[in-house]
Amino acid sequence: MAANFKVLDEFLGDSLDLPARCKDGEIRTFHIDSPDAEQGLKVEKLMEIGIRLAADPEAAPDAAALDDVAELNLYKAALGAAYDDALRLLPWAAFKHLALTASLWISQGLDAAETYWNSGGDPSQLGPANRAERRASSRAAKSTPTRASRSGTSTPPATGRARKATRT
């Protein structure tokens with residue numbers, strides 16, 4: 001039986017529209033088209049390096065990948081045709097937030113981009129919103145089996161051998 005695949009652009013989001021208040025006080029919507037494959041791969045690579053460094057600041061970064069030019073290239077690759085207007089019309093903080101949101105959209109998808117956008121870039125807003133959600137999240141993390149435990153069960157400690165060894 002042959003598979004029936006839909007045409008990719010019929011269901012895959014190929015653009016992102018982000019509203020932002022510009023330097024003149026006007027709210028404008030910046031339309032960001034999906035990048036071509038080469039630019040998308042560049043964005044993913046730079047985002048991966050950034051995430052790795054955020055997780056382990058002591059890690060040695062690839063200096064060529066993370067210089068100032070690479071950061072601006074990341075923004076340019078992520079924003080595409082919207083780059084020039086965003087650079088001209090937005091204050092730095094808004095420009096950076098717009099560019100990072102687009103980068104997350106490209107590398108991690110619409111949900112991650114929306115979460116980041118709505119957080120205002122505040123890391124404390126990225127997690128569970130209230131105490132009940134934090135507790136539920138914590139319980140879920142504690143009840144999730146570790147990667148080494150494929151069945152979700154644990155083996156009892158080998159106390160018999162330890163006792164025998166101490167007797168001899």
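Leaving aside neighbours within four places in sequence, Ser34 is in contact with Asp14, Ser15 and Trp105, contact meaning heavy atoms within 4.5 Å. The structure is a predicted model, in which local features need pLDDT of at least 70 and side-chain atom pairs count only at pLDDT 80 or more, whereas totals for chains, interfaces and linings use all residues. Residues are numbered from 1 along each chain as its sequence is written, and side-chain values use heavy atoms, with hydrogens and water left out.

Ser34 is placed in the loop between β2 (27-33) and α1.

The secondary structure of the chain consists of seven helices and two strands, and from the N terminus on the elements follow the order β-β-α-α-α-α-α-α-α. Helices (H or I, at least four residues) and strands (E, at least two) are DSSP runs, numbered from the N terminus. Of the 168 residues of the chain, 22% count as buried. The accessible surface of the chain comes to about 12,500 Å², with 54% of this belonging to carbon and sulfur atoms; accessible areas come from the Shrake-Rupley method with a 1.4 Å probe, and for residues only the protein chains shown count as cover. Among contacts between residues at least 6 apart in sequence, 47% join residues at least 24 apart.

Two helix pairs that involve α4 are described next. The axes of helix α4 (residues 92-108) and helix α5 (residues 110-119) come within 7 Å and cross at roughly 160 degrees, where axes are lines fitted to C-alpha atoms, for helices over the stretch in contact, and angles run from 0 to 180 degrees between N-to-C directions. The two helices α4 and α5 are therefore roughly antiparallel to each other, given that angles over 145 degrees count as roughly antiparallel, those under 35 as roughly parallel, 65 to 115 as roughly perpendicular and the rest as oblique. The contact is made by His97, Leu98, Leu100, Thr101, Leu104, Trp105 and Gln108 of α4 together with Leu110, Ala112, Ala113, Tyr116 and Trp117 of α5. By class, this contact of α4 with α5 has nine nonpolar, three polar and no charged residues, with Ala, Val, Leu, Ile, Met, Phe, Trp, Tyr, Cys and Pro counted as nonpolar, Asp, Glu, Lys and Arg as charged, and the others, Gly among them, as polar.

Leu100, which is found in helix α4, touches Tyr75 and Tyr116 when residues up to four places away in sequence are not counted. Leu100 and Tyr75 are 25 residues apart in sequence and 7.3 Å apart in space, C-alpha to C-alpha.

For helix α1 (residues 37-55) and α4, the axes come within 9 Å and cross at roughly 100 degrees, which makes α1 roughly perpendicular to α4. Gly40, Val43, Glu44, Met47 and Ile51 of α1 make the contact with Ser103, Leu104, Ile106, Ser107 and Gln108 of α4, and by class five nonpolar, four polar and one charged residues are present.

Lys76 lies in helix α2 (residues 68-79) and, at 45% relative accessibility, counts as partly exposed.

Notes. Buried < 20%, exposed > 50% of the residue type's maximum accessible area, 1.4 Å probe, protein only.
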